[in-house]
Amino acid sequence: TAMAAERYGVDEPLVRAVILVESGYRENAVSGGVAVENGAKFVLRSGSITGNTVAGGADYGTVSVKSGASFAMYGGVIGNNTAIFGGAVYAGENASFTMYGGSIENNTALGYGGGIYGDRDSAVSVAGGTVSGNTAQGTYKGTGIEDEGRGGGLYLDSGCTFTMSGGSVENNSSAHFGGGIYSNGILAFTGGSVSSNSAGTMGGGISIYSGSMKTGGDFMLKGN
């Protein structure tokens, strides 16, 4: 609503400030829980998005953000969801996801990005909150790549811009590469921590296949 948009300091359209989406199952669908498209703005302040599944020939993410849309998470929980790519959140081309608080926890990707998948030319930012306990299983072979299971916490594709100034990426796991973060994109760390993540092949904390990475400030990489 316009009143909610004014209160939270964002422009309309505001999809919802407080939400409960649980136990959904979508096959051959765009998302298991929430789809945000065509320049819409989704703000999550509290509540939960839990227990949803995207299966079959479906697209990406329990919360799927596409086509110039944006998702800002200030609180709440996105947990115990399953998708092929982006167990909790998928940010598509020219879309953005910013995490200020809350928790993305215990989600599963059968392919890439147990917690978050940032596609090409998307913008993903973590300024607060926790990305924890997510898993990239590597059980999906639909792309013909035998080393699926990349990015337990986050998978960042080519051209994705990722910044981290706070929060934590912790206790995530992947079957192969990048237990915490797997990246082909552009990474900049100025704060927060990536800790206690694990990978079956290499890059327990962060695995960079291509792109770049810069660190500074009080960013911590430890115990992976």
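These legends describe close-up views of a predicted model.

**View 1. Seven strands line up in an open sheet.**
The sheet holds 7 strands in the order β3-β7-β11-β15-β19-β22-β25. Their pairing is parallel. The edge strands are β3 (34-36) and β25 (206-208). Each of these two pairs on one side only. On average, neighbouring strands of this sheet are turned by 5° against each other, direction ignored. Strands of a sheet pair through backbone hydrogen bonds, either parallel or antiparallel.

**View 2**
Strand β7 covers residues 63-65. It runs parallel to β3, and 3 bridges join the two. Within this pair, Val34 stands opposite Val63 of β7.

Strand β20 spans residues 161-170. Strand β16, residues 123-126, pairs with β20 in the parallel sense over 4 bridges. Here Val124 stands opposite Phe162 of β20. Strand β17, residues 130-132, also runs parallel to β20. This pairing has 3 bridges. Ser132 stands opposite Glu170 of β20.

**View 2. Strand β20 also pairs with β23.**
Strand β23 takes in residues 186-195. It pairs with β20 over 8 bridges, in the parallel sense.

**View 3. Phe162 sits in the largest nonpolar core.**
That core has 35 residues. Phe71, Ile78, Phe97, Ile104 and Phe162 have the most contacts inside it. Which residues does Phe162 contact, leaving aside its neighbours within four places in sequence? They are Val124, Val126, Leu154, Leu156, Ile181, Ile186, Leu187, Ala188 and Phe189. Another core, of 8 residues, lies apart from the largest one. Ile84, Phe85, Tyr112 and Tyr182 are among its members.

**View 4. Asn197 is placed in a loop.**
The loop lies between β23 and β24 (198-199). Is Asn197 buried or exposed? Its relative accessibility is 3%, so Asn197 counts as buried; the cut-off for buried is under 20%. The side chain of Asn197 reaches the backbone oxygen of Ser195 at 3.0 Å. Beyond its neighbours within four places in sequence, Asn197 is in contact with several residues, among them Val169, Glu170, Asn171 and Asn172. Its contacts also include the glycines Gly179, Gly180, Gly204, Gly205 and Gly223. Asn224 is another contact of Asn197.

Definitions and conventions. Residues numbered from 1 in each chain as written. Predicted model: local features only at pLDDT ≥ 70, side-chain atom pairs only at ≥ 80, totals over all residues. Heavy atoms only, no water. Pairing = 2+ DSSP bridges. Core = buried A, V, L, I, M, F, W, Y, C linked by side-chain atoms within 4.5 Å. Buried < 20%, exposed > 50% of the residue type's maximum accessible area, 1.4 Å probe, protein only. Contact = heavy atoms within 4.5 Å. Polar contact = N/O pair within 3.5 Å; in protein donor to acceptor, adjacent residues only side chain to side chain. Axes fitted to C-alpha atoms, helices over the stretch in contact; angles between N-to-C directions.
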